[in-house]
Amino acid sequence: MSSPRPVRRRVSGRIIALRAAAYFVAGWGAIAFLAAGAFPGALPAVLALAAYCTLPLVLFIRWRGWPFYPKAAFRLLIVRPVLYGNLLLPLVAGAGVFGMLLGAAFGHAMLFGRSAALVLLLAMAALLLAGYVGSHRLVVRHVDAYVPDLSASFDGLRIAQLSDLHVGPHSSRRFLDRVARTTRDLTPDVIAVTGDLVDDRAEDVAVYAGVFGDLEAPHGVFVIPGNHDVYAGWDAVENALRRHGLGTVLVNDAHIIRRGADEIAIVGTGDPAGGWRGSSRAAPDIDRTLAGVPESVTVIAFAHNPALWPSLAARGVALTLSGHTHWGQFAVPHLGWSLASPFLEHAMGAHTRDDALLYISPGTGYWGIPFRIGARPEVTLVTLRRGPAEARVYAARAVGKLMPVGATAL
């Protein structure tokens, strides 16, 4: 007789709210205590800052999103301070409390506490500034993908990959224009947009169309959903993509490319954010994705989430291009480590499994705050090569061509 399953207790919304309130009171209380008396009006200033950084977050959670379209000024003046403020809150408050505890042993608790909080604040400000600059230093990465049994006709086929653009009112139009111009200048044979075209609203497809609507390639422009496209409402996003004529939308579907008598298959999956197979149109379905692909045809897959790669590799897909991870927006490429690495089996760069290849782009835009260090915004140019059975991916020019910063984003 099997033992009964343990009953999971659901934490009530009231308890969650009380815990959140205790967290904010403790964090801002520590900062207020440190600031009190440091300069005239310090305490009211801290309380006003606390309200400015906390109240919009409370309303966002209460409304389950903004009930209106958040334009650029709102994002700049409200959303971004809330993100920065709540990122810094535990760090600055924690440093201040630690400093006070350390300073108490020397009879200077307040001096040590204020100094520790200030040093941490300045260090984080410098780091965030560096990340802001890094989020606009566009790079072109050239990746040679060696594929066994690739038809001679497709040796040298070039695929330009854009991923994780996260287009929204916060996006710098000048930066997006530079991404589009760079992609066109590469004159690829295929353009792949591997998910997260928009950040969180279906209305942003119109902004995407205004910048990338004229992208074209001899063998087509292909678009697949990412998790943020699902969050924005995939049905509305997909309808807008088709209405604006923004390439071939592949959702668990295949497209055959022909050169003479040779063929390769381009397939695009749904995204795990769409739920289990069959639960929504955006849910991934590998069987359906590959159902229409002829046997012995080389398959190139576009799958936003690299977690889908093992299933694709097991079905014989030669090359999978993914994004999603952003490389954590903080990476040390020479060590093969990123902020996403502790949480994901495949977090960045190139991976191989038998004859199957995976390349994970760090993405082109950003999520949350404009921040990238070691994970530069990227347009990837993948060139297919006929390769040996022990297939490998070579990024011979891993740094690529660094574009000038040129633009200042909101």
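Q: What should I know about the model before I start?
A: It is a predicted model, in which local features need pLDDT of at least 70 and side-chain atom pairs count only at pLDDT 80 or more, while totals for chains, interfaces and linings use all residues. Residues are numbered from 1 along each chain as its sequence is written, and side-chain values use heavy atoms, with hydrogens and water left out.

Q: How many residues does the largest nonpolar core have, and which have the most contacts inside it?
A: In soluble globular proteins, nonpolar side chains tend to be buried together. A nonpolar core is a set of buried Ala, Val, Leu, Ile, Met, Phe, Trp, Tyr and Cys residues joined through side-chain atoms within 4.5 Å. Buried means under 20% relative accessible area, exposed over 50%, and partly exposed in between (1.4 Å probe, protein chains only). Here the largest core has 37 residues, and Leu165, Val179, Tyr208, Phe212, Val237 and Leu241 have the most contacts inside it. Elements supplying at least two residues each include helix H5 (173–185), helix H6 (205–212) and strand E14 (378–386); H6 gives the most, with 5 residues. Helices (H or I, at least four residues) and strands (E, at least two) are DSSP runs, numbered from the N terminus.

Q: Which residues does Tyr208 contact, leaving aside its neighbours within four places in sequence?
A: Contact means heavy atoms within 4.5 Å. By that rule, Tyr208 touches Leu165, Val167, Val193, Leu197, Gly213 and Leu246. Tyr208 is one of the buried residues of H6, along with Val205, Ala209, Val211 and Phe212. The cover over the buried residues of H6 includes E2, H5, E3 and H8.

Q: Which residues are buried in H5?
A: They are Phe175, Leu176, Arg178, Val179, Ala180, Thr182 and Thr183. Their cover includes strand E1 (139–147), E2, E3, H6 and E14.

Q: Where does a positive phi turn up in a residue other than glycine?
A: Most residues other than glycine have a negative phi, and most peptide bonds are trans. One case is Ser296, with phi near 70 degrees, in the loop between helix H9 (286–290) and strand E8 (298–302). Another is Trp327, with phi near 55 degrees, in the loop between strand E9 (319–322) and strand E10 (331–332).

Q: Is Ser296 buried or exposed, and what of Trp327?
A: Ser296 is exposed, because its relative accessible area is 81%. Trp327 counts as buried, because its relative accessibility is 3%.

Q: How many salt bridges does a search of the whole structure find?
A: Side chains of opposite charge can pair when their charged atoms come close. A salt bridge is a side-chain nitrogen of Lys or Arg within 4 Å of a carboxyl oxygen of Asp or Glu. The search finds 15. In one of them, Glu378 meets Arg141 at 2.4 Å, N to O. That pair links distant parts of the chain, with Glu378 in strand E14 and Arg141 in strand E1, 237 residues apart. Both Glu378 and Arg141 are buried.

Q: Which residue forms a salt bridge with Arg385?
A: Asp144 does, with the closest N and O atoms 3.9 Å apart. Arg385 lies in strand E14 and Asp144 in strand E1, 241 residues apart. Arg385 is partly exposed, because its relative accessible area is 30%, whereas Asp144 is buried, at 19%.
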